[in-house]
Amino acid sequence: MDPSSPVSPSSILEQTALQLGCSPTDKKLAFHLDEKDELKHLRECFCIPKIKDLPPTDPALVNGEESCVYFAGNSLGLQPRKVKTYLDEELDKWARTQEIALMNGLTVNLHLLMLSFFKPTSRRYKILLEARAFPSDHYAVESQLRLHGLDVGKSMVLLQPRQGEETLRTEDILTVIEEEGDSIAVILFSGVQYYTGQLFDIPRITKAGQKKVGLLQMCPFHTNFRSVFSYLNSGAGGLAGAYIHEKHSKSIKPALIGWWGHDFKTRFLMENKLQLSEGINGFRLSNPPILLVCALHASLEVFNQTTMKALRRKSILLTGYLEYLIKHYYSEDKTNPEKPFVRIITPSQIEERGCQLTLSFSLPIKSVFKELEKRGVACDMREPNALRVAPVPLYNSFRDVHRFIEILGSAITSSKQTANNTVLSGSY
């Protein structure tokens, strides 16, 4: 579906089910959506683990030969099938001559860019970020502030959701920028909040930052590729990328320089007379590890078979289908307080989320997570009370979503029984 379409995923699901003569919860709808999926061939480009290959699986509960329900692509993307081919090729020839515009890991890139963009003064010295930022971001900001001799408590502006809410309102972010902008030197935001799955309105945040903070103080690396190893499927510890707008290509220089930042045309003259590449290329320190490049290369080949528009179109409906089924089966029932329920933390507006839904449960979440793992579901639990599930449009199917809902019902039933048994045993 078109991201700009006024028709909601739930309406499309209900209309399609009506045409099929079935309920939106019937697996017949899932099979139909998979049959019509223009990206279904891409699933074959990835190695989807068998249930038996997941260590926590209980063989008594599942068929180990079936593919698992892999909903952890927001944390660690699946391995593209061609990775081994490219690794073997590189191990055979061991060298590569082409340039790769990638460098380092995420935290290294954050530090390199902040060293150039964060220039605190007595008036502008604060860094603005969300309160529950990914630890990589948070620790990098803390250390940069200390490097400049600044008080972290006074210089780190952490944005919290309103009381009783889980996600940040865009208007609250913009208000803080307006009110504190005269003292803010850098604004650092992730595109998608890793815990809640909230997709931030980066264009509006950027515009407000440029207006109040100023162009050179607005740190332009909110598009730093945090999820190269997850959504770009390059493996844990994979290469990161970095972005600097071309308007800064001549005015912003790296604080730390390596050989790979030297212009390629004269790099191998080895004269030790720096000719710095313009823009982000000047920030590169050394040759990217070739084996890490292979994994990313294999993944990007898959991306080249489609478009971001097609991926987003499928993603909206795929995640909308997951949301629809969760709400149908596991919404809170005030008339039945004994019924376990699931609450979706991630915003329901499609423009405010990606493919991830973050769930919380009325039952102990560790128990639910454990039961899901036993049944061949790969997802991601985060403290204190969040289960992150992400149907990725590259390789997840509508049938995967329906299977997950079926398995979730079994996991919740077992978790409830365990909780009841614990209560009973404690009463003796």
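**Entry 1. Cysteines**

I started with Cys-355, which counts as buried at 6% relative accessibility. Buried here means under 20% relative accessible area; exposed means over 50%, and partly exposed lies in between (1.4 Å probe, protein chains only). I then looked up Cys-68, also buried, with a relative accessible area of 1%. Next I looked for disulfides, defined as a pair of cysteine sulfur atoms within 2.5 Å. The count by that rule is zero.

**Entry 2. Ground rules**

I note that this is a predicted model, where local features need pLDDT of at least 70 and side-chain atom pairs count only at pLDDT 80 or more, while totals for chains, interfaces and linings use all residues. Residues are numbered from 1 along each chain as its sequence is written, and side-chain values use heavy atoms, with hydrogens and water left out.

**Entry 3. Whole chain**

I checked burial over the protein chain: of its 428 residues, 50% count as buried. Its secondary structure comes to 13 helices and 11 strands. Helices (H or I, at least four residues) and strands (E, at least two) are DSSP runs, numbered from the N terminus. I also looked up contact range, taking contact as heavy atoms within 4.5 Å. Among contacts in the protein chain with a separation of 6 or more, 73% join residues 24 or more positions apart.

**Entry 4. Annotated site**

I placed Leu-106 in helix α4 (residues 106–117). Leu-106 is buried, at 15% relative accessible area. Ser-136 sits in helix α5 (residues 135–147). Leaving out residues up to four places away in sequence, Ser-136 touches Leu-106, Thr-107 and Leu-110. The side chains of Ser-136 and Thr-107 make a polar contact at 3.5 Å. Such a contact is a pair of N or O atoms within 3.5 Å; within protein, one must be able to donate a hydrogen and the other to accept it, and residues adjacent in sequence count only if both atoms are side-chain atoms.

I traced an open sheet of three strands, in the order β5-β4-β6, with parallel pairing. Its edge strands, β5 (156–159) and β6 (184–187), each pair on one side only. Two strands pair if DSSP finds at least two bridges between them. Strand β4 (residues 126–130) pairs with β6 over three bridges. Ile-127 has Val-186 of β6 as its bridge partner. Helix α5 packs on the sheet, touching β4 and β5, and its direction makes about 155 degrees with that of β5. Axes are lines fitted to C-alpha atoms, for helices over the stretch in contact; angles run from 0 to 180 degrees between N-to-C directions.
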